[in-house]
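Biologist: I have this one open in the viewer now. Could you walk me through a few parts of it?

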Amino acid sequence: MSLLRGLLGMELIGTSVRLFLDFREKLASLDSALILDVPLGVISRIEKMGGATSRGENSYGLDITCKDMRNLRFALKQEGHSRRDMFEILTRYAFPLAHSLPIFAFLNEEKFNVDGWMVYNPVEEYRRQGLPNHHWRITFINKCYELCDTYPALLVVPYRASDDDLRRVATFRSRNRIPVLSWIHPENKTVIVRCSQPLVGMSGKRNKDDEKYLDVIRETNRQISKLTIYDARPNVNAVANKATGGGYESDDAYHNAELFFLDIHNIHVMRESLKKVKDIVYPNVEESHWLSSLESTHWLEHIKLVLTGAIQVADKVSSGKSSVLVHCSDGWDRTAQLTSLAMLMLDSYYRSIEGFEILVQKEWISFGHKFASRIGHGDKNHADADRSPIFLQFIDCVWQMSKQFPTAFEFNERFLITILDHLYSCRFGTFLYNCESVREKQKVTERTVSLWSLINSNKDKFKNPFYTKEINRVLYPVASMRHLELWVNYYIRWNPRIKQQQPNPVEQRYVELLALRDEYIQRLEELQLASSAKLSDPSPSPSSPSQMMPHVHTHF
Amino acid sequence: MDEIEVSLTGSGRGPRSEVLAVGGGNSCETVRSLLPRGLLNSCPAGVASCPASSCPFQSPRWPRLTLLESVLLLGPRPTPSAMEFSELIRTGGAQAKLLRGPEVPPLHGTLCVTGHHLLLSPGPQATSDLWLLLLRSVDSIEKRVSGDSGTITLRCKDLRVLQLDIEGVEATRDIARSIEALSSLESVITSFPFFYRPKGLRLGDAWHFHPPERYYKRVARETNAWRLSEVNEDFSLCPSYPRAVIVPRAVDDDALACCARFRQGGRFPVLSYHHAPSGTVLLRSSQPLTGPQKRRCAEDEELLWAVLAGARPGARGFILDTRSAQAAKQARMTGGGTEARAAYPGWKRLHRPLERGRPLQESFVRLVEACGYLAQSTDCWRSRLEACHWLGHVKEALSTACLAAQAVEREGACVLVHGAEGTDSTLLVTSLAQLILDPSSRTVAGFQELVEREWIQHEAPTFLLFLDCVWQLGHQFPLSLEFGEGLLLALFEHAYASPFGTFLCSSEKERCLCEVRTRTHSLWSGLNQPKEQRKLRNPLYVPSPLAIWPSVEPQSLRLWQGLFLRWTRPNLQR
């Protein structure tokens, strides 16, 4: 459907709606055509600028604010009501919720040869962790989301806690988000447990079941030391939450626990901080005092606090050999950041492409990070106070880690950027809705395509050629301000002065190197087969490339 | 009672002041250029002696030496090393603990000082090897005595800070004195490279790898407008130029002699790089000595005219002065100056001031401080980084190099770069412009050749600024450099303290005098071992014939963490 004399058009690509602009006719003198390709899901706000009486060039048209750090401004001609039509169509498709239209993902009929919905199977993931075991059991108490409507159906809880105990604990935790296992250390059996804040309130209420439950958790690995509780919030915020019925675990009530505050600020602070980052990078980069302007956004300071908190969690579990309980207020923002980052540091499996997908599915999607509210998929209310870049912040932390440990991650930067792009695009069902119960009701897995289908059917594009698998390595990134950097390739990628070479030569080179590596592996395999045949070994089982990787590395 | 004594190595020692007294007037210039390249502080030299057997005065091939030079390079007294070092070593060894930073466990053992090294030998039960530090890499030493033990803090030229806790007050004093004396020994021929004989390397290897003559011969062959001149065979025209220089074919050696007299330090305009696609060239020189009377030199004007004529008919030229117009004008008062427009038709002068000398040094010192352990707090890290202004210098250097490269590639113009002496900012611009334009200079061998050709003589921290700019290029163009950060770090280390001879001396002349090529190993032979090469190469490298135009936007330039945070960075996998 052409909207502006062939210059500006909106096309259906696949079935996902996107704004598609082709400047080729107009700017034939450019070296290469400039094509703007914006999925409509990325639009956060559409405004008309100028009126019928506006004079001057570019004073009349549309202003489009995007969720991915850019604004678009279209200058239009006043004649012919072209703006009204365009405004209406854009608004309708960018904010389908307000028009009782389905989100794009439900119209997307793309086919991939891999089904991304099969990637995460909680039972398999817990089995990989060695669960259930003598101390931890899998419970289906939340099968119909009756215990907690924002938790997944399947939970791992202490063996010694009965389902009735769980129900009683739920009454004392904000939104019934009881402490459940996220990860267990394969050797020392310490655990990372996540939950929401206790409902202590102004009167300092106590709950014997909750206190006993935490002690049961502490005892699962027979540890003598205290259970460590990390409250992600600043101390003051935790205190302030008492006024609204929340709070934190007091020393008096929880003798066998030690509580630390991690000083991470709330969703509103993060949203404002990112806004400041946008101000200094788009449309123009603040030239004269770049570094101090960047500092004044505090974005990297927040990144630092999140990483520092996750490092403490990981270190406590790994070196301190103490089980850890993590919560913030509701346990779906900061808590998800901390547990998932700590798990990424502790467990090399999550640093593979598939492992990372599972980590996101598990700690973020299934445990009810409110993607719909934080991103505002298809929703026109751009000023909604519930919106916040919490997941972006998590991905930024992952990027910081991948910079510091260039060989530790199977995926590359493109993988992380792709995830963020589709966090907004609404082309896939992966990040839709706030929690598992709603997703199930909407039959998301049946009616939409998973983002992991796209990625896993073309994995090579997202691989890091320098990846070296190191099973038991714990990563402790440096969270000092000196070592954290602004993710220029993400935050400033729309700046016209940052030349984006397409196709990206680095990515192409990565693909070449990966092909080269595969070729060597295959050659090695052949040679080994040949030599084992020579020795007439009776059981020459051809080993798979993945098994042979460590072997190959010694030869490089 | 604590006793604190800070001393900068080499400062205030007898021989140095004597030598400076000998010099005077113009010769002072020479003294300074012969002084070693200190980093955080300039550490001028003491003088030691030279083996009589190798005294070069007999051979007619050897250039004449001024009295001053012979004193500085070779020393007044005959005879060698071992004996003399032993006079300076005032200690037999002591028990000590070495702290190498917050993340590395301390080392315990016996501390000894040898002629060239500080070494810590761990006890017999220890598993770790001998720890060695080249004394020449010590930049400053701080001693603190308290009770019956002492602490020595060593700041090294590679930016490491080491702390030695030593048992015994006397032992501490002796060791500190020995380190001070030995690390400031600046006679070239008693330095470690003359004693370093690693297994597997043969003397003389690799010195022939990158002779500038080879490049010059190639250009002369290809262009027909340039010729190799031996006018500086005995270094009489320009002590800081190599024997062979490349000049326009139309200019004879006598004219060159005139030009040399018209340029500071004799650095007359010579070819730095020939850009084959456009047929134009990049030249470098020092400032013309126009003085307050605005003197002119017909030969110098002819030389630059011949450059344009040799490029192609109607070619234009740019003179890129690395000083501000104001500073260039002021230089006339002290005998220098800049080319008058009327005297050099076809040439247009541009001023792009680049900071050098003290302001650059101070910027560097501030940055090192901000990056050090002592800066415990990283509050306002970015504001502090900004205040150091080091990245500002990086930006200016890269922009100026881009300008020179653009003139050559886009405008098809010839470019002459100079500042005052033509030995620091000038080299920075010409060598960076080559990296931008010339794919072959981005290979390992080509880059080594470039360093050999352009950076014969350099002053800290301009060379470091150059390396930083190269790192920025590598960061912005991850596929374009055949070498990685490893090579740049190695060059940084070896430029300021090295067992190899490549960076010894400040000019070809001195290198000949000291027989560096026959008596020391070349750094390239060390670095070009296959085992080393693997660490120094960039696995992403893909050769490309295109120029690489760096971005100098603030978000594109970043701190070179691998260098500046190298020792404060916890043990990360690289």
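Biologist: In chain B, how many bridges join strand 2 to strand 3?

Modeller: This is a predicted model, and in it 5 bridges join strand 2 (residues 94–99) of chain B to strand 3 (residues 107–113) of chain B, the two running antiparallel. Within that pairing, B:Ala94 stands opposite B:Leu111 of strand 3.

Biologist: And which way does strand 4 of chain B run against strand 3 of chain B, parallel or antiparallel?

Modeller: Strand 4 (residues 117–121) of chain B is antiparallel to strand 3 of chain B and is joined to it by 4 bridges, with B:Leu119 in strand 4 as the bridge partner of B:Cys112. These two strands form a hairpin that has 3 residues between them.

Biologist: Is A:Ser329 buried or exposed?

Modeller: A:Ser329 counts as buried, because its relative accessibility is 15% and the cut-off for buried is under 20%. A:Ser329 sits in the loop between strand 14 and helix 9 of chain A, and its side chain makes a polar contact with the side chain of A:Arg233 at 3.3 Å.

Biologist: What does A:Ile267 touch?

Modeller: Not counting residues up to four places away in sequence, A:Ile267 touches several residues, among them A:Asp333 and A:Arg374; A:Ile267 is found in helix 6 of chain A and is buried, with a relative accessible area of 10%.

Terms used
Residues numbered from 1 in each chain as written. Chains lettered and ligands numbered in written order. Predicted model: local features only at pLDDT ≥ 70, side-chain atom pairs only at ≥ 80, totals over all residues. Heavy atoms only, no water. Pairing = 2+ DSSP bridges. Buried < 20%, exposed > 50% of the residue type's maximum accessible area, 1.4 Å probe, protein only. Contact = heavy atoms within 4.5 Å. Polar contact = N/O pair within 3.5 Å; in protein donor to acceptor, adjacent residues only side chain to side chain.
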